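Please read it alongside the sequence and coordinates.

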Amino acid sequence: MNEDFDIENIRKRMNGALESVKNDFKSLRTGRASSSILDNITVEVYGSIMPISQCATINVPEPRLITINVWDKENISAIEKSIQNSGLGINPVTEGNLLRLPLPELNEERRKEISKLAAQFAEQARVSVRNVRKDGMDKIKKLKSEGMSEDDEKFWSEEVQNLTNDFIKQIDEILKIKQDDILKV
């Protein structure tokens, strides 16, 4: 076997795409309250942009309610605007330093939109995995031109393809689970 080819690097990069899509899925609403739907929302405070979790405490006291306890009263309106402009379809209710985010029932149309968004996230992850495969195959071709045996070339090409198939299958499986969760009434 040629020691120059690093299959672990390929595996690590493909796993990065899988972890990224899992993280993206956490931000999608499924009808139940989860503080992770606020993870991708940033707010401009103190002259810089930061996640809400860095300027407030986020809690989920009920299945259909998220509360945000803002540490500095000056930041309340900025956080409120960020949530309204996020596209989540949530209107915050302000009570002093506390923002209440009541989650409305998802109607069928909104569930389908969120399901399509999940499919887009999954497709981006599949493209990332395929790009890693292409990089791996290019590296194998380069090593072949530098003297790698045909047997090694065939072996590593099959390994990269098997990894690609495995990661795409995992992405498809978590997409199906997420879409089932989203579409469940």
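1. Thr-67 lies in strand β4, strands being DSSP runs of E of at least two residues and helices runs of H or I of at least four residues, numbered from the N terminus. Thr-67 is buried, at a relative accessible area of 9%; buried means under 20% relative accessible area, exposed over 50% and partly exposed in between, with a 1.4 Å probe and protein chains only. Apart from neighbours within four places in sequence, Thr-67 is in contact with Thr-57, Ile-58, Asn-59, Pro-61, Leu-98, Leu-99 and Arg-100, where contact means heavy atoms within 4.5 Å.

2. On provenance, this is a predicted model, in which local features need pLDDT of at least 70 and side-chain atom pairs count only at pLDDT 80 or more, while totals for chains, interfaces and linings use all residues. Residues are numbered from 1 along each chain as its sequence is written, and side-chain values use heavy atoms, with hydrogens and water left out.

3. Strand β4 belongs to an open sheet of 4 strands with antiparallel pairing, in the order β3-β4-β6-β5; two strands pair if DSSP finds at least two bridges between them. The edges are β3 (56-62) and β5 (93-95), each of which pairs on one side only. On average, neighbouring strands of this sheet are turned by 25° against each other, direction ignored. Axes here are lines fitted to C-alpha atoms, for helices over the stretch in contact, and angles run from 0 to 180 degrees between N-to-C directions.

4. Helix α2 (residues 76-84) packs on the sheet and touches β3, β4, β5 and β6 (98-102). The direction of α2 makes about 15° with that of β6.

5. What surrounds β4 in the sheet? Strand β4 (residues 65-70) pairs with β3 in the antiparallel sense over 5 bridges, and 5 bridges also join β4 to β6, again antiparallel. Because 5 of its 6 residues are buried, β4 is largely enclosed by the rest of the structure.

6. Towards β6, Ile-68 is bridged to Leu-99, and Asn-69 stands opposite Leu-98.

7. Strands β5 and β6 pair in the antiparallel sense over 3 bridges, with Val-93 bridged to Arg-100. Their hairpin has 2 residues between the strands, and within it Gly-96 takes a positive phi near 70°.

8. Tyr-46 is placed in the loop between β1 (42-45) and β2 (48-51), and is exposed, with a relative accessible area of 56%.

9. Helix α1 (residues 7-26) has 20 residues and should span 28 Å at 1.5 Å a residue; its end C-alpha atoms are 29 Å apart, which agrees. The expected span is 1.5 Å times one less than the number of residues. At the start of α1, a side-chain oxygen of Asp-6 comes to within 3.3 Å of the backbone nitrogen of Glu-8.

10. The buried residues of α1 are Ile-7, Ile-10, Met-14, Ala-17, Leu-18, Val-21, Asp-24 and Phe-25. Viewed down the helix axis, they fall within an arc of 120°, so they line one face of α1; the arc is that of the directions from the helix axis to the C-beta atoms. These buried residues pack against α3 (108-145) and α4 (150-183).

11. Ser-20 is also found in α1 and, at 38% relative accessibility, counts as partly exposed. Ser-20 and Asp-152 are 132 residues apart in sequence, and their C-alpha atoms are 31 Å apart in space.

Terms used. Polar contact = N/O pair within 3.5 Å; in protein donor to acceptor, adjacent residues only side chain to side chain.
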